[in-house]
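This briefing goes through selected local features of one protein chain. The points are grouped by topic and are meant to be read beside the sequence and the 3D view.

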Amino acid sequence: MDSLIEHSVFLRSDCGGKGGCGKCLIKIKHCDGTQKTTEACQVTVSEDLSIEIPVASLLSSHIIEKAPANFPPSFSQSFNKTKQHRPSYGIAVDIGTTTVALYLCNMNSGKVLSSVSVGNPQTIFGDDVMSRIGMVAKGKDNLTKLQRVIIKTIEWGCQRLAKFQKIKVSSLEKVVAVGNPAMIHLFLGVDPSSISVAPYRPAFFEARCEQGIKLGFEELACPVHTLPQISGFLGGDILAAAIAAELGQRQTGTLLIDIGTNGELIYKGKNGFYATSCATGPAFEGATLFCGMHAIPGAIDKIILAEATEFPEYRVIQSSDKKTSSLPVGLCGSGVISATAALYRTGIIDSGGAMAINENIVSLQQEDSGTRKYVIAAIVEGKAGQNKEVFIDQKDIRSIQLGKAALITGIEFLLKMEEEVSPDNIVVGGAFGSYLDKKDMMTLGMIPQVPEEKIEIAGNLAGAGAVMALCNNRYQKLAQKMADEIEVVDLAKNIEFQQSFIANLRFPGLL
């Protein structure tokens, strides 16, 4: 796995390279013509090897020509539309724990030209930030490895976007990277160990600027900027999201939620801004699920089920190439949320998350191990007519319960700072949050019960905020101002958090 990464070949590894998920399968070809299928993370290279990598093992990436990004009107109004400027190219990067998104921009016009999204290959060292911080502590070379992996990924993304726009990587003039504190520490090659022990402080708080060559980029020689950090678990990504959402200009009682592997929250109360972070887990972004994948063509992102005894209908994300139709390959995060909500509404799972035992539910099956699963799609593919099932099982449901309990409990404790029970308005950000259905979120108890018109699904706000900071230095200064004003709510110190978290594992009563 390490050797492949060094050559910018990224494989799926939801288990963190422990040999448990079976998603990094490769075929080793022997001289006698035989082949052996095995997991790449378990192969030690001691001699020249000839291998074949199945498409399903590759870490998916997807270029979007017209990148979706929601910007406030004030951003576009800050550019002079009457003048014709020469293009000035820059890259905005949102380094997520599970997914890395890059935006190629013309900084003189504020336009996003194209973007690419790819899984963060640091997952081979662990699927959450604490696992990766733990890896740094296990060996002096691991920090370098973790930095090298993310640098390789970002440079690979820059090369793809530059080629797509027919420009050179060397013509890029600036990079702005946002992410949670652990991701930014690893990106800059700074030991993040202080984040994992009380009082959970980052090694630095300030915004930084480094030359690309110093960080380890081979072609990217321009300045690389990061935004300031608020605490050990609240960083430039939530600040970028707040900037893109114009949270400072919104009415009191607005809750901003950035949902990903970590749930990051800012509440605008009567007495100021309050923020906290909760470990929602990688399941929300499709990782660690047996049929999980990123939200790219082939992913099921919505399930429709009227009655428990019916076969489910589903929607598949299609390729931008309208001539070809994508068959279902797996479930992305929004698909899992949609499926779980549909199963709960129809009584296939109960409020505790347990799957029913009912022979009349045709899609409900039990494996030899005793694990129950609900089959969403069963397709025949390939010349051999091999069957492939896309399903959600009991373990997946439990992962969703853990994530949603962490999120709603964090929200509750944030609101308690001003003795509020529910926010007046909710803004949902995050690439994963872009595809969520408001009713599904409330059905599962991910967010408070509020009128649907009070919930805004705003897209990848962290990515949009990174673009804004890239194209206008004013937003970098605004990020620092907001970081200074926010009061951090430390859930780790609250003795009531665990009790509330356990209670919130259950799904709420259906309305």
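In this predicted model, Asn 106 is in contact with Arg 86, Pro 87, Ser 88, Lys 111, Leu 113 and Cys 471, leaving aside neighbours within four places in sequence. Asn 106 belongs to strand E6, which covers residues 99-106. Further points follow by topic.

**Glu 418 in a loop**
- Glu 418 sits in the loop that runs between H9 and strand E20 (425-429).
- With a relative accessible area of 8%, Glu 418 is buried.
- The side chain of Glu 418 reaches the backbone nitrogen of Lys 270 at 2.6 Å.
- Beyond residues up to four places away in sequence, Glu 418 touches Gly 269, Lys 270, Asn 271, Gly 272 and Tyr 274.

**Nonpolar cores**
- The largest nonpolar core has 61 residues, and Tyr 374 and Met 446 touch the most other members.
- Helix H9 (residues 394-415) gives the largest share of this core, ten residues.
- Not counting residues up to four places away in sequence, Tyr 374 touches Leu 305, Glu 310, Pro 312, Leu 343, Ile 348, Met 355, Ile 361, Ser 363, Leu 364, Val 390, Phe 391 and Ile 392.
- Another core, of 54 residues, lies apart from the largest one; Ile 26, Tyr 89, Ile 124 and Val 149 are among its members.

**Helix H5**
- Helix H5 spans residues 181-188 and is mostly covered, with eight of its eight residues buried.
- The buried residues are Pro 181, Ala 182, Met 183, Ile 184, His 185, Leu 186, Phe 187 and Leu 188.
- At the start of H5, Asn 180 places a side-chain oxygen within 3.1 Å of the backbone nitrogen of Ala 182.
- Gly 189 follows H5 and has a positive phi, near 75 degrees.

**Packing of H3 and H4**
- Two packed helices are described by the angle between their axes and the distance between the axes.
- For helix H3 (residues 129-138) and helix H4 (residues 142-164), the angle is about 135 degrees and the axes are 7 Å apart.
- H3 is therefore oblique to H4.
- On the H3 side, Arg 132, Met 135, Val 136 and Lys 138 take part, and they meet Asn 142, Leu 143 and Leu 146 of H4.
- Sorted by class, this contact has four nonpolar, one polar and two charged residues.

**Pro 223 in strand E10**
- Pro 223 lies in strand E10, residues 223-226.
- Its relative accessibility of 25% makes Pro 223 partly exposed, because that class lies between 20% and 50%.
- Leu 172 is 51 residues from Pro 223 in sequence, while the two are 9.5 Å apart in space, C-alpha to C-alpha.
- Leaving aside neighbours within four places in sequence, Pro 223 is in contact with Glu 173, Lys 174, Val 175, Cys 209, Glu 210 and Gln 211.

Conventions: Residues are numbered from 1 along each chain as its sequence is written. This is a predicted model: local features need pLDDT of at least 70, side-chain atom pairs count only at pLDDT 80 or more; totals for chains, interfaces and linings use all residues. Side-chain values use heavy atoms; hydrogens and water are left out. Axes are lines fitted to C-alpha atoms, for helices over the stretch in contact, and angles run from 0 to 180 degrees between N-to-C directions. Helices (H or I, at least four residues) and strands (E, at least two) are DSSP runs, numbered from the N terminus. Angles under 35 degrees count as roughly parallel, over 145 as roughly antiparallel, 65 to 115 as roughly perpendicular and the rest as oblique. Contact means heavy atoms within 4.5 Å. Ala, Val, Leu, Ile, Met, Phe, Trp, Tyr, Cys and Pro count as nonpolar, Asp, Glu, Lys and Arg as charged, and the others, Gly among them, as polar. Buried means under 20% relative accessible area, exposed over 50%, partly exposed in between (1.4 Å probe, protein chains only). A nonpolar core is a set of buried Ala, Val, Leu, Ile, Met, Phe, Trp, Tyr and Cys residues joined through side-chain atoms within 4.5 Å. A polar contact is a pair of N or O atoms within 3.5 Å; within protein, one must be able to donate a hydrogen and the other to accept it, and residues adjacent in sequence count only if both atoms are side-chain atoms.
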